[in-house]
Amino acid sequence: MMNTEITPQGDVSTVRLIYILYLVSFIAGITAIIGVIMAYVNQDDAEPWLQTHYQFLIHTFWKALILSLISMALMVVVIGFITIILVMLWIIVRCVKGLKYIDAREAHPDPTGWGF
């Protein structure tokens, strides 16, 4: 019997590119800014399942920025060096999980959460 499940369609290449831009931002920081601008520009025109990814990407950017600023402030008392590494790992895991969902053509299950 054939699988008749309908997979959601949509332009996943833009979402995939934004996830990659976030990961490349560890080398060239400006790419994350480009990525979040792309997410804001494209989110309203996307299908609902893709909107969850755009929302997730936007939240990831702002949360990562806040956590990075806190970590930089904490570098005065040394713990910031540990927390910035944790922030970087958090971003990597979020992007990898997001790419997994996008490759499976699934909506992100928790686009506004702090987890993965």
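## H3 against H4

In this predicted model, with contact meaning heavy atoms within 4.5 Å, the H3 side includes Trp49, Phe56, Ala64 and Leu74, and the H4 side includes Ile79, Val87, Trp90 and Ile102. By class, 13 nonpolar, seven polar and two charged residues make up this contact. (Ala, Val, Leu, Ile, Met, Phe, Trp, Tyr, Cys and Pro count as nonpolar, Asp, Glu, Lys and Arg as charged, and the others, Gly among them, as polar.)

The axes of H3 and H4 sit 8 Å apart at an angle of about 170°, which makes the pair roughly antiparallel (over 145 degrees). Axes here are lines fitted to C-alpha atoms over the stretch in contact, with angles from 0 to 180 degrees between N-to-C directions.

## The largest pocket

The largest pocket holds about 300 Å³. A pocket is an open set of points on a 1 Å grid where a 1.4 Å probe fits, with protein on both sides within 12 Å along at least five of seven lines; lining residues have an atom within 4 Å of a point. Volume is the space filled by probe spheres set on the points.

Of its 15 lining residues, Ser25, Ala32, Ala64, Ser68 and Ile91 are closest to the centre. H3 gives the largest share, five residues. The lining has 11 nonpolar, four polar and no charged residues.

## Whole chain

The chain has four helices and zero strands, taken as DSSP runs (helices H or I, at least four residues; strands E, at least two).

## Ground rules

Numbering starts from 1 along each chain as its sequence is written. Local features need pLDDT of at least 70, side-chain atom pairs count only at pLDDT 80 or more, totals for chains, interfaces and linings use all residues, and side-chain values use heavy atoms, leaving out hydrogens and water.

Methods: Parallel < 35°, antiparallel > 145°, perpendicular 65-115°, else oblique.
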